[in-house]
Amino acid sequence: MLDIRPTYAWGHYYLGLILLERGDPDAALLEMEQERAGDPKLEGLAIVYHALGRKADSDAALARLIRERADEAAYAIAEVCAFRGHADDAIHWLERAYAQKDPYLVYLKSEFPENKLAADPRFTAFLRKMNLPE
């Protein structure tokens with residue numbers, strides 16, 4: 001994708017997530033740093049820094065995402081919170097995304113790190129609320 005359209009917003013973000021899933025957080029970080037779009041860059045950095053054990057950097061990226069984009073990026077914030085294992089915060093931001101009619105909620109079953117929240121009954125209730133299969 002990036003070979004065809006190197007300026008594609010979210011391209012480096014998705015490649016970074018794939019590299020992270022493959023167990024290469026250093027390569028994932030390099031991709032996230034190249035991301036041009038603001039929301040995916042901050043979201044990706046918060047996730048990868050967490051994976052690398054760089055808590056202060058992860059906290060800073062998440063804080064900036066919240067400060068600058070809470071009204072438009074509640075779903076992205078929920079993703080970061082879920083990835084970091086902060087179920088209470090993830091559920092809070094999912095509820096906020098729902099209230100804001102965040103269009104990214106369409107990705108809830110395909111991209112959201114639900115494995116981090118699978119055992120949480122609040123997540124199951126949220127899936128029901130969205131009329132999605134549990």
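**Labels and their criteria**

Q: What makes the meeting of the Arg69 and Asp39 side chains a salt bridge?
A: The side chains of Arg69 and Asp39 meet at 2.7 Å, N to O. A salt bridge is a side-chain nitrogen of Lys or Arg within 4 Å of a carboxyl oxygen of Asp or Glu, so this pair qualifies. By this rule the count is 10 salt bridges.

Q: On what basis are these values given?
A: The model is predicted, so local features need pLDDT of at least 70 and side-chain atom pairs count only at pLDDT 80 or more, while totals for chains, interfaces and linings use all residues. Residues are numbered from 1 along each chain as its sequence is written, and side-chain values use heavy atoms, leaving out hydrogens and water.

Q: Where in the chain do Arg69 and Asp39 lie?
A: Arg69 is in helix α4 and Asp39 in helix α3, 30 residues apart, and the pair thus links distant parts of the chain. Helices here are DSSP runs of H or I with at least four residues, numbered from the N terminus. Asp39, Arg69 and Glu72 are linked in a network of salt bridges.

Q: Why is Asp39 called buried, and what is Arg69 called?
A: Buried means under 20% relative accessible area, exposed over 50%, and partly exposed in between (1.4 Å probe, protein chains only). Asp39 has 17% and is therefore buried, whereas Arg69, at 28%, is partly exposed.

Q: How do you know that Lys55 and Asp59 are separated by about one helical turn?
A: Lys55 and Asp59 are four residues apart in helix α4, which means about one turn between them. Their side chains meet in a salt bridge at 2.7 Å, N to O. Lys55, with a relative accessible area of 55%, is exposed, and Asp59, with 27%, is partly exposed.

Q: Why are Tyr75 and Phe112 called buried?
A: Tyr75 has a relative accessible area of 2% and is therefore buried; Phe112, at 5%, is buried as well.

Q: What kind of pair do the rings of Phe112 and Phe123 form?
A: Their centres are 5.8 Å apart and their planes lie at 15 degrees, so the pair is stacked. Phe123 is in helix α7, 11 residues from Phe112.

Q: Which residues have the most contacts inside the largest nonpolar core?
A: They are Leu94, Leu108, Phe112 and Phe123, in a core of 40 residues. α5 supplies the largest share, nine residues. Such a core is a set of buried Ala, Val, Leu, Ile, Met, Phe, Trp, Tyr and Cys residues joined through side-chain atoms within 4.5 Å.

Q: Is Val106 buried or exposed?
A: Val106, in the loop between α6 and α7, has 65% relative accessibility and therefore counts as exposed.

Definitions and conventions
Helix = DSSP H or I, 4+ residues; strand = E, 2+ residues; numbered from the N terminus. Phe/Tyr/Trp six-rings, centres within 6.5 Å; stacked < 30°, edge-to-face > 60°.
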